[in-house]
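Please open the model in your viewer and keep the selection panel at hand. The stops below proceed one selection at a time.

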Amino acid sequence: MIDKKYIYVNSNKIEWQKDFNITKILKVMNYTFKMIVVKVDGKLVKKEGYDTFFVDENSDVKVIHLISGG
Amino acid sequence: MKKTEFYAKHNSKILSVISKKKIGIIGAGGIGSNAAVSLARAGVGHLVIADFDIIQPSNLNRQYYFLDQIEKPKVFALEKNLKKINPFISYRMINSKINELNLAEFFFDVDLLIEAVDRADQKKMILESWIELYPNKPIVMASGIAGIGGNNMLHTRKIDNIYICGDEKTESDESNLPYAPKVVMVAAMQANLALEILLGAKNDR
């Protein structure tokens with residue numbers, strides 16, 4: 001039996017998948033926010049990297065949702 | 001008024017720390033102008049404040065300006081108002097729009113940045129630029145400040161060097177406008193948190 005692997009997205013424990021790029025993670029999390037900033041293990045991932053940046057197991061993904069008003 | 005009179009009710013240990021600190025504020029609207037007033041009253045030594053806008057009559061419902069300042073550039077009007085409260089600290093006002101190219105030029109030497117702009121795309125630009133430029137320097141963001149009520153929804157969230165204040169829910173738009181009480185509360189949360197961070201408080205959140 002193979003042990004399951006996980007990542008953390010905004011502190012939610014999610015089962016890791018081999019093709020987990022940012023776009024897929026956002027979809028799995030059902031995040032539809034318009035304006036977000038993404039950090040993986042403390043490092044910024046910009047929008048152009050959402051399809052090409054693949055997240056390793058045990059990664060800590062933070063999605064910061066920014067909304068208008070100031 | 002003497003400086004010692006102004007600071008008569010300040011804790012000297014706290015004042016000795018924060019009077020040496022420099023805080024940057026991007027945006028001098030509802031959040032920025034009110035946060036600046038709190039920080040000036042608290043005795044932060046240096047404030048660097050940027051905005052490119054002029055004061056409109058509709059700003060007076062929540063921003064720290066007065067009737068006779070309409071159509072004046074926000075940063076210069078704010079400087080006058082702040083100096084009427086605390087003339088004993090230094091102010092640097094920047095009457096320009098901040099972008100990823102000039103952010104470092106104006107804010108490279110601040111100890112902490114308060115993000116106080118209106119549009120979400122500008123918040124994203126500022127936050128991404130800050131993370132890349134200064135991954136260990138604190139930035140205090142405002143997110144979710146519109147409408148009335150919902151006191152208990154307001155919170156602070158920390159992610160590495162990023163702190164977010166607001167309810168993270170209420171988008172400001174034509175159907176959900178910003179009102180003074182909540183805007184001033186979030187501005188005060190940001191100012192209070194900024195002081196706490198600069199004083200090196202241990203209670204991490």
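**The sheet of chain B**

Begin with the open sheet of seven strands in chain B, which has mixed pairing and the order E3-E2-E1-E4-E5-E7-E6. Two strands count as paired if DSSP finds at least two bridges between them; strands (E, at least two residues) and helices (H or I, at least four) are DSSP runs numbered from the N terminus. At the edges, select strand E3 (90–94) and strand E6 (155–159) of chain B, each of which pairs on one side only. Neighbouring strands of this sheet are turned by 15° against each other on average, direction ignored.

This is a predicted model, in which local features need pLDDT of at least 70 and side-chain atom pairs count only at pLDDT 80 or more, while totals for chains, interfaces and linings use all residues. Residues are numbered from 1 along each chain as its sequence is written, chains are lettered from A and ligands numbered from 1 in the order in which they are written, and side-chain values use heavy atoms, leaving out hydrogens and water.

Next, select strand E5 (residues 139–142) and strand E7 (residues 162–166) of chain B, which run parallel and are joined by four bridges. Ile139(B) has Ile162(B) in E7(B) as its bridge partner.

**The helices**

Now show H6(B), which lies across strand E1 (22–26), strand E4 (112–115), E5 and E7 of chain B and runs at about 165° to E5(B). Angles run from 0 to 180 degrees between N-to-C directions, with axes fitted as lines to C-alpha atoms, for helices over the stretch in contact. Contact means heavy atoms within 4.5 Å.

Finally, select Glu128(B) in helix H6 (residues 120–133) of chain B. Which residues does Glu128(B) touch, not counting residues up to four places away in sequence? They are Ile36(A), Val37(A), Leu44(A) and Lys46(A). Glu128(B) is buried, because its relative accessible area is 8%, and buried means under 20% (1.4 Å probe, protein chains only).

Note on methods:
Buried < 20%, exposed > 50% of the residue type's maximum accessible area, 1.4 Å probe, protein only.
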